[in-house]
Amino acid sequence: MAHTSVLLFRTARGAIVGIMLALLLANGPALAQFPERPITLITPYAAGGSHDLNARVFTTYIQRYLGQPVVIKLVPGQAGQKGTLEAVQSSPDGYTLIFTDNYRDQLYQHTFGTRHYDTTEDLIAVARVNYGQVGIIVRGDSPYQTWQDFEADAKARPGELKMSHSGLWAAFFVAGAHIMKDRDLRLRMVPYRGGGPAKAALLAGDVDISAAFPATILADVEAGLIRILATAGADRTIPDVPSLAELGVSPTTGYMHRAVMAPRATPADRIARLRAEFAELQSDPDYRAAMMQLGENTEYLDGEPYEDERRALGREYAELAAAIAEL
Amino acid sequence: MFRKADFRLVAGILLLAVVALALGQWLIAEPPINLSDDISPLNPRLFPSLVLVGIVVVAGFFIANRIRGVEDFEGELEPALAGDDGGGTKRLLGFLVLVVMCALVINTLGFLTTMFVLMLGTSLLVGNDSIAQIVAFSAGLPFVIYVLVTHVLRTSLPELDAIEAVLVPFLGTLPSF
Amino acid sequence: MLEALLAGFEAALRVDTFIWVSAGLLLGMLMGAMPGFTTTMGMSVLMPIAFLVGDPLIGIPFLIGVYKGGIYGGSVPAILISMPGTAASVVTVMDGHELTKKGQPRKALDMGLAASVISDFISDFLTLILIIPVAAIVLGFGPPEIAAIMFMSLVIVSVTATGPVLKGLLMLGFGFWLSFVGADPFSAMERYTFGTTELYDGFHLIPMLIGLFALPEIFNAVRSGDRKRGRVASLVGDRLSWKELKASMRTILRSTGIGTAIGLVPGLGQTVAAMMGYIAAKNASKHPETFGKGEIDGVAAAEAANNAVNGPTMVPLLTLGIPGDNVTALLLGAFMMQGLRPGPTLFETSGATVFAILIVMLFANVIFWFIGYYTIPLFSRVVTIKKSLLIPITIMLAFTGTYLARSNPFDLVTLVGFGIIGLAARKAAFDVMPMVMGFILGRELEYSFGQTLSLAGDSLLRFAFTERLGMTAIVIATPILGTLIGLRMNRLRKQDLVRGG
């Protein structure tokens, strides 16, 4: 039903655009409509990871709205620096975009040394495609039934309890860092190569606590192997489980925003077109179904409001990096 | 002793290791934020230094053995090359130059041109005397590979904008994934 | 459980599933044969097909077919032109290519196929019936155990390398050090990069392998005066005979066991398995000096081991939803897009489908035997192309493959650099395998060790003796084992030298 009205709207809009184009063509030099050839989406992540999968889904469906394919160019490595550099140096004509996340965008400038670009200045947000929201988890048979149990133990034994995470300054580590800073705890952070091994470490009993994106632990929670002690955000997402904000941790903790960006010098009308089509995509039922299959949400935010969010996050992360250094 | 190839190689590695150890400070960066052991368990300098020391020790033993006269060099791991007509080394050097140059220019000149030059040069160095064959393969095969890789395998290869502009419409007509 | 298994059997017997699996196997083999194009990249490109098709019994077997085909596919260029198509086939290069030079490429390819198919079948079968107990075992391997096993592997590799132990150790150390170039795995600090971005991720394995193994052959062809004449081999040689296959059966079974065991330990991978299988075969052989000079048993050992790794790596994926490597991470995505949720409830909710997939995986091996059998004669023709044409093609493939691996032009410099190192190593009688293994395992060992320190807290010794006895046992046993094997190898080598080699 919704699809039909979308179709009608699009036909009408197409007709109007067509008439305008005809008028333009009749008057001035030929103005082709953007995009007239495939767009490259630089994806600086490993093949098969959650970003790669998310990208494959939305690029398949947005083709319907842009009229041209969006081709994924996987450029893994260097913690995304290589891909980001390539995007920043590409010609700002709207045909090169980059898929990135908020940590790379706003946190890394405070934690890693040499940077050949400034993401805030060099990139402009097209759309925030979706986000992942972590949950803080323990084993099903752990003695901690509630968050308060855990916090009490952590305060009694500073530096002894272990948390597994997916890499320094990655999503789970940052969540842990925020918690340590805001709740004044000291945990031992044990690194693993990704969310999967971090979860395995928890299940094996090597560590006491960890974090995960809900999609990856639904089955374990159902089977009683994992218990969620808290979820990220201001409001509760699960009925009996407190949100981190309730527990005194910053409400923006534990969110990984997946965003599509373009070089800042890209012409405004092309950015506007891209933003418009991403907005359109949100009402596509096939796209929503595919995302749901993947276990991801479609919490879209347009580029403009996300720009404000980026700056706010940047300030917050500066404080966080400084705080961790003092631990 | 100094003439034997393996001695030279070991000496070379030993030298490299000593230099790397000595210059360690400058070659390995320190984190801008100092993280405690709870956060980051290993100093980036630890393992490399350990391994370099190990290399120095082993190389030292090897050289000491040689000096003492323990001879266990088994000679080249491969038989002498058939029909080596003395021009071999010159050809090899020429080939190395060719290969290094192609490696450096591939991004500027593009895949098809560079591979054409590479294959052409190599064919001549290896003794192919049928010019027609050389040209046909050097032009044709990279083209086939290019189509295969960019279109079927969907991976990018560096190419000149001019050539790409010509090829893209043609490639669009081919079926793909 | 049993009903699910039987239901799975029924569901698996579909013609379209088998057609898609065959397509996947063939595509995978071709992709694996293209050096530098990793199986992960291939699966990633083909994945949209898997999810657009909408049927888990088509999409997933297709991807698994691509994976299996890819592992074998890598051995084709390894054997024919001394260029490993994937990292897993690097161990096959040594004996495989020597056999080609002796005029027996078809035999080598046949043995590679037979060994791969047999070991993969057995490993998949074991996975199918032992999936639950295996899941429990896999979780038991944490960083301390992994670090200990890696340490043991490295020691074994260096004492069994061709030539004196000191040379093996030196190559190991060198490879180890090379793996440190780049960003360190804990704090991402740059090591030995001289401030360049190209070296931030360190050297890449594929250009290194192509450089070490393929380029010296090319250099030799350029150097030699053997210009007008010269083919790599003038005939494709005989096919593998039953007798030869039976003679290597023991090796194949042993390698299957080794590969399966290594598949259980997260983080080791196919190359380590191939290497271990090869070393075990060499050690058990009555004539270890033939290994490396064209010993068909060596090809069997390597190829059997690297295929046996697949089965167990699926276990943590299916039972816990934990992907162990890139390939399983991709499969996880594919599963989820088909509506299956790998994890503890998978077998309850979709037991029949999962078993069907596993059964298809099992029979894919049989299909692959046929596909391989008929394509091998085609592939082996390659060696009859005259050298003056084949060599330029080979160097072009080397360049292409290197660039494909990660689109970094610096990799081409790596390629040439390691080509020169490979040449120097040959002249100086150094076996480069310890260097390769050191490179592969170096950074992993550092990471596991760091994780172990992190887990141990303040007292490593207390941790070692109270909580992680397994690790401690391995660490203590390693020098003993290494010395024993080393002495035996030394003795056999001296005998061989006396006999005239």
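**Figure 1. Salt bridge between Arg157(A) and Glu160(A) in the predicted model.** Arg157(A) and Glu160(A) form a salt bridge in which the closest N and O atoms are 3.2 Å apart. A salt bridge here is a side-chain nitrogen of Lys or Arg within 4 Å of a carboxyl oxygen of Asp or Glu. Arg157(A) counts as partly exposed because its relative accessibility is 32%. Glu160(A) is also partly exposed, with a relative accessible area of 48%. Buried means under 20% relative accessible area, exposed means over 50%, and partly exposed lies in between (1.4 Å probe, protein chains only). Over all chains, the structure holds 31 salt bridges. This is a predicted model, in which local features need pLDDT of at least 70 and side-chain atom pairs count only at pLDDT 80 or more, while totals for chains, interfaces and linings use all residues. Residues are numbered from 1 along each chain as its sequence is written, chains are lettered from A and ligands numbered from 1 in the order in which they are written, and side-chain values use heavy atoms, with hydrogens and water left out.

**Figure 2. A network of salt bridges in chain A.** The residues linked in this network are Asp105(A), Arg264(A), Glu307(A), Arg310(A) and Arg311(A).

**Figure 3. Helix α7 of chain A.** Helices (H or I, at least four residues) and strands (E, at least two) are DSSP runs, numbered from the N terminus. Helix α7(A) covers residues 171–183. At 1.5 Å a residue, its 13 residues should span 18 Å, and the end C-alpha atoms are 18 Å apart, which agrees. The expected span is 1.5 Å times one less than the number of residues. The helix is mostly covered, with 10 of its 13 residues buried. Among the buried residues are Phe172(A), Phe173(A), His178(A), Ile179(A) and Met180(A). After the helix comes Asp184(A), which has a positive phi near 60°.

**Figure 4. Phe99(A) within chain A.** Phe99(A) belongs to strand β3 (residues 96–101) of chain A. With a relative accessible area of 0%, Phe99(A) is buried. Arg128(A) is 29 residues away along the chain, and its C-alpha atom is separated from that of Phe99(A) by 9.6 Å. Chain A as a whole has 12 helices and 11 strands. Of its 327 residues, 54% are buried. Among contacts in chain A between residues at least 6 apart in sequence, 78% join residues at least 24 apart; contact means heavy atoms within 4.5 Å. Chain A exposes about 13000 Å², of which carbon and sulfur atoms supply 57%. Accessible areas come from the Shrake-Rupley method with a 1.4 Å probe, and for residues only the protein chains shown count as cover.

**Figure 5. Nonpolar surface patch on chain C.** Patches are made of residues with over 30% relative accessible area and no salt bridge; like charges are joined within 9 Å, and nonpolar side chains (Val, Leu, Ile, Met, Phe, Trp, Tyr) within 5 Å. Helices α1 (2–12) and α17 (346–380) of chain C each supply at least two of the patch residues. The largest share, six residues, comes from α17(C). Phe9(C) sits in helix α1 of chain C, and its 39% relative accessibility makes it partly exposed.

**Figure 6. Surroundings of Ser123(C).** Ser123(C) lies in helix α7 (residues 105–139) of chain C. Its relative accessibility is 0%, so Ser123(C) counts as buried. A polar atom of the Ser123(C) side chain lies 2.8 Å from the backbone oxygen of Ala308(C). Leaving aside neighbours within four places in sequence, Ser123(C) is in contact with Thr256(C), Thr260(C), Ala308(C), Gly311(C) and Pro312(C).

**Figure 7. Two salt bridges in chain C.** Glu244(C) forms a salt bridge with Lys107(C), with the closest N and O atoms 2.7 Å apart. This pair links distant parts of the chain, 137 residues apart: Glu244(C) is in helix α11 (residues 242–247) and Lys107(C) is in helix α7 of chain C. Glu244(C) is partly exposed at 25% relative accessibility, whereas Lys107(C) is buried at 8%. In the other pair, Asp16(C) forms a salt bridge with Arg14(C), and the closest N and O atoms are 3.2 Å apart. Asp16(C) is partly exposed at 31% relative accessibility, and Arg14(C) is partly exposed with a relative accessible area of 25%.

Notes:
A polar contact is a pair of N or O atoms within 3.5 Å; within protein, one must be able to donate a hydrogen and the other to accept it, and residues adjacent in sequence count only if both atoms are side-chain atoms.
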